[in-house]
Amino acid sequence: MILVGGEAVPGKDGRHSGSSDRAEQDRLKREQRLRDEIRPFLNRYCLECHGPDSQEAGIDVQSLSASGDLLFEERKKWERVYRMIRTGAMPPSDYDPFPTEAEQQRVNNALTEELFNFDCALVARPGRPTVRRLNRTEYNNTIRDLFGIDVRPAEDFPADDVGEGFDNIGDVLTLPPLLMEKYLIAAEKVAGAVIDTRDYSQPLTVSASAEELYSQSGNGQMSGEVRLLASTGVLAHQFSVGAAGNYEVIVEALADQAGDEKAKFGLRVDDSQIAEFAIQAHRKVESFSHTIAVTKPDVKIGVGFLNDYYNAKAPKGQQDRNLGVRKILLRGPLQSGTPFRSDAHNRLVTVTPSESRSVVAAASEVLGPFLRRAFRRSVSEKEVQRYANLAEMAVEDMGETYEGGLSLALQAALVAPEFLFRMEEDPSTGTSVRILSDFEVASRLSYFLWSSTPDDELLDLAETGKLTQREVLLSQMHRMLQDEKSAALVQNFAGQWLNLRNLNDVTPDTDRFPEFTAELRDDMRTETELLFQAIVREDRSVDELLSADFTFINQRLAQHYGISGVDSEKFQRVSLKDVPRSGVLTHASILTLTSNPGRTSPVKRGKWIMENIFGEGPPPPPPNVPELEVTAAASPAASLREQLARHREDPGCASCHKVMDPLGLGLENFDAVGKWRDNDGGKPIDASGSLPSGETFNGPRELVGIVKSRRKEFLRTLSEKMLVYAVGRGLEYYDKCVVDQCVAQLEQNQRRFTSLIEAIVTSDAFLKRSSADARE
């Protein structure tokens, strides 16, 4: 960093050059720690497998030459080494000599100090997310909010890759050729749904064949290319037209003539007869025409058989009078009609050409506001002109209508990089950090909280340069969290953090759990989403994710939980007083997705808590360790608890399973689909346990109490996950400082949800951007 007006600001390499004495003292202290505590341990216990002769897993501990390697150059590698040593996964349990507990504790403490306990004033960087394209959810939501249409073209896109637990991470959002093809198709589909390009200056004809006609009386039968009415009845079709005006109805019909009268039919419009016709020929198609006035987009045209006749005593071929219809056509409007435009069309196409206004001028007035919203920034006259010229070319050179020209310009905008990607400028040459523009912040804020494009209010504030004023920014944040669109934060952040999206992939054994259905699965997910939503909308303490004394259930889920008094399919808020459930750990959604198809899995449940609540994912299991099923097969009479205990006898498993297993066993009162039980296989459930910390519990409620007591770990995990989701990148060492601020702000504000969001959206990580060549 350098000093500007007495204030320390980052230098090009991200280090602090304004407090050189303190920085030098810090460096010397780190070098001593490396020399006296870290390198001797690595050389004695790790060098044989991770040295110059062998680099298992690509790790060479001898390459650690300076403390800067830990903090800067190869930090991710050394964090991995740290996690393996801290969890006891390395060195292997059979390594000789094996380090003492005191040695392990010393090197753990030293690595913790090196990797995580540094002066934030010496290392400050906002980070640099990779330029991000819109993911599938963001694309659909953006189309919805741009045009107000219920079209989801991204459903046909390839699945988005996931990085850091989320699908909005720039590093993994690639653009394969197939996706580019899908973008082109989607742009055409969206433009077709928004803009009506039909030319109503000339009549159009729409037809309904005999197969497309339906019988209102249920007695119409196909015979060749006609549909026959053998008795009195009506054949009809619902027509959709694009403009009001006069239309010609043409009916192609034939008859089996019999009796003294000609076969007759009535022409019906919206169930009212408006004309009557007699068919003259026998079994020969005739054409009948009538003009009607159409005043609404949908009109039902019908043909009713009026004079059925049957006489068995008449000569053969003259006994039965029947009506057959081959086709109904609707042609018009016969003169220039008044188009029926959709709301989306009318919102977009606000100006049309006239004698005093050219196509380019009209298109510019339409496209200017649209491009500002689509590109999420101000657009220049030159940019607008380019798209307006495209519309003019379509009209003059391709014979398109004005609306057809606008459609082509719209499609071009929807495949432009400015729409598909969230563009942010890098710092200028010679500088390491750039403050984001108001428009860039508007996009970050809207895609963070809404997974969608900024609305007009955000763009207007960005236009005036007021959005990044702290009071304005926080006001907008609160407004957006109360908006219905903040449901995206529930579905896309909570859905991925808590693994709720994985629920669709879980398939419990329905022979063992016949009550499990697709509807119940959806109810499980909804319960968890509604709890998270309540915490967001009501600005409740995030502690309640773990310890809420209420939940949201409908009749089906209430029966599953054994809770009475809920008799509606509509979800309602209920108290959990006297119910052995509390927070998401006891939600059926979490309990089901952390189970095996036929039984519970304390290991999966404990691992889920470690990863998602404590932020302490265990390392991969050591090689050649038998699966739990193998242990179970060797001791079929043993309980699950006993099988897990034998599994932990392997030293390579004990370091992680001594934490995971008790956490999962504390939830054993819930079966594999989250239903309460007191017995399993005729044996009473033992949901007691003790953790390596010495804490003991008996049952889910006491376990939840212990988990809740490790508040700092939970707040840090939640803050880290939310920051990753907000900035769209994995966290680096310097982000610890932002996470520390998030945790502190939560603690200072009764852990209210908005205090976490405030800390993130006002942080440098959210409001600034590092240069590409700045040191990571």
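**Backbone, core and overall form**

Entry 1. I began with Q750, which lies in the loop between α26 (735–748) and α27 (753–761). The model is a predicted one, and in it I read a phi near 55° for Q750, a positive value in a residue other than glycine. I noted beside this that most residues other than glycine have a negative phi, and that most peptide bonds are trans.

Entry 2. I then looked up E164, where phi is likewise near 55°, again positive in a residue that is not glycine. I placed E164 in the loop that runs between α5 (136–147) and α6 (177–194).

Entry 3. Turning to peptide bonds, I found a cis bond joining D96 and P97, with omega at about 5°, and I located P97 in the loop between α3 (75–86) and α4 (101–116). I recorded another cis bond between G332 and P333, with omega at about -5°; P333 lies in the loop between β15 (320–332) and β16 (338–339).

Entry 4. Which residues have the most contacts inside the largest nonpolar core? I found that they are F448, L449 and F753, in a core of 101 residues. Helix α25 (residues 711–727) supplies the largest share of this core, namely nine residues.

Entry 5. For the chain as a whole, I counted 28 helices and 25 strands. The radius of gyration is 35 Å, well over the 28 Å that the globule rule gives for 776 residues, so I wrote the chain down as more spread out than a compact globule. Along its principal axes, the C-alpha trace spans about 115 × 75 × 50 Å.

Entry 6. I noted that 51% of the 776 residues are buried, taking buried as under 20% relative accessible area. Of the contacts between residues at least 6 apart in sequence, 70% join residues at least 24 apart. The accessible surface comes to about 35,100 Å², and carbon and sulfur atoms account for 47% of that surface.

Entry 7. Last, I looked at charge, and found that the mean positions of the 93 positive and 118 negative charges of the chain are 2 Å apart.

How values were computed
Residues are numbered from 1 along each chain as its sequence is written. This is a predicted model: local features need pLDDT of at least 70, side-chain atom pairs count only at pLDDT 80 or more; totals for chains, interfaces and linings use all residues. Side-chain values use heavy atoms; hydrogens and water are left out. Helices (H or I, at least four residues) and strands (E, at least two) are DSSP runs, numbered from the N terminus. The radius of gyration is taken over C-alpha atoms; the globule rule is 2.2 Å times the number of residues to the power 0.38. Buried means under 20% relative accessible area, exposed over 50%, partly exposed in between (1.4 Å probe, protein chains only). Contact means heavy atoms within 4.5 Å. Accessible areas come from the Shrake-Rupley method with a 1.4 Å probe; for residues, only the protein chains shown count as cover. Lys and Arg count as positive and Asp and Glu as negative; His and the chain ends are not counted. The place of a charge is taken as NZ of Lys, CZ of Arg, CG of Asp or CD of Glu. A nonpolar core is a set of buried Ala, Val, Leu, Ile, Met, Phe, Trp, Tyr and Cys residues joined through side-chain atoms within 4.5 Å.
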